[in-house]
Amino acid sequence: MVGVNERLDAKVEKAKKSKDYKAVEKLADVVVKLQKEIEVANQKRSDALNRVNEAIKNYNEFNTDKMISLCSMNDYSQKTLSFSKNDWQIKGQVSDKLAIALLEPNAQERIKEIIMAIASEVS
């Protein structure tokens, strides 16, 4: 006696031979092929991203201007090359120099001169 599963299996096999199923199967094959191409492209992108980030790391290590650095790239927010500006270092230098200069007794009279001297020294 044939069970329920066997009868359903026979129906599935019969359906697979139909013209309509073959048309759907062709469309599904296109999707499967595209998915494989996407996976290959994603792997290539990942490899390229790793190479560019390694190059960025090397660039930053050998860059003599420590006030700027290249940001690494990723799949989410950082998709193009951009620089990080380390302006906090400059601001810290300026505030330190200004604080020291303002400790002088006649600093109020020379404030413009002090600021110009610091600006030319830091830039």
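This is a short tour of a predicted model, with a residue or element to select at each stop.

**Stop 1: helix α2**

Start by selecting residues 19-62, which make up helix α2. At 1.5 Å a residue, its 44 residues should span 64 Å, and the end C-alpha atoms are 65 Å apart, which agrees. Now colour Leu-49, Asn-53 and Ile-56: these are the buried residues of α2. In an α-helix there are 3.6 residues a turn, so residues three or four places apart point the same way.

**Stop 2**

Next, select Asp-75, in the loop between β1 (68-70) and β2 (83-85). Which residues does Asp-75 touch, leaving aside its neighbours within four places in sequence? Show Arg-45 and Leu-49, and you have its contacts of that kind. Leu-49 is one of the buried residues you coloured on α2. While you are here, draw a distance from the C-alpha atom of Asp-75 to that of Ser-46: the two are separated by 8.7 Å, although they sit 29 residues apart along the chain. Asp-75 itself is partly exposed, with a relative accessible area of 34%.

**Stop 3: the aromatic pair**

The structure holds one aromatic pair. To find it, select Tyr-59 and Phe-83; their ring centres are 6.5 Å apart and their planes meet at 65°, so the arrangement is edge-to-face. Tyr-59 belongs to helix α2 and Phe-83 to strand β2, so the pair ties together parts that are 24 residues apart in sequence. Are these two residues buried or partly exposed? Tyr-59 is partly exposed, because its relative accessibility is 36%, and Phe-83 is partly exposed too, at 42%.

**Stop 4**

Move along to Asn-86, which lies in the loop between β2 and α3 (87-102). Asn-86 counts as buried because its relative accessibility is 15%, where the cut-off is under 20%. Show Lys-66, Met-67, Ile-68 and Ser-69 to see what Asn-86 contacts once its neighbours within four places in sequence are set aside.

**Stop 5: a nonpolar patch**

Finish with a surface view and select Leu-102, Ile-111 and Ile-115. Together they form a nonpolar patch on the surface, with about 220 Å² of accessible area. Ile-111 sits in helix α4 (residues 111-122) and is partly exposed, with a relative accessible area of 32%.

Note on methods. Residues numbered from 1 in each chain as written. Predicted model: local features only at pLDDT ≥ 70, side-chain atom pairs only at ≥ 80, totals over all residues. Heavy atoms only, no water. Helix = DSSP H or I, 4+ residues; strand = E, 2+ residues; numbered from the N terminus. Buried < 20%, exposed > 50% of the residue type's maximum accessible area, 1.4 Å probe, protein only. Contact = heavy atoms within 4.5 Å. Phe/Tyr/Trp six-rings, centres within 6.5 Å; stacked < 30°, edge-to-face > 60°. Patch = residues over 30% accessible without salt bridge, like charges linked within 9 Å, V, L, I, M, F, W, Y side chains within 5 Å. Areas by Shrake-Rupley, 256 points an atom, 1.4 Å probe, with all protein chains shown as cover. Salt bridge = Lys/Arg side-chain N within 4 Å of Asp/Glu carboxyl O. Expected span 1.5 Å × (residues − 1).
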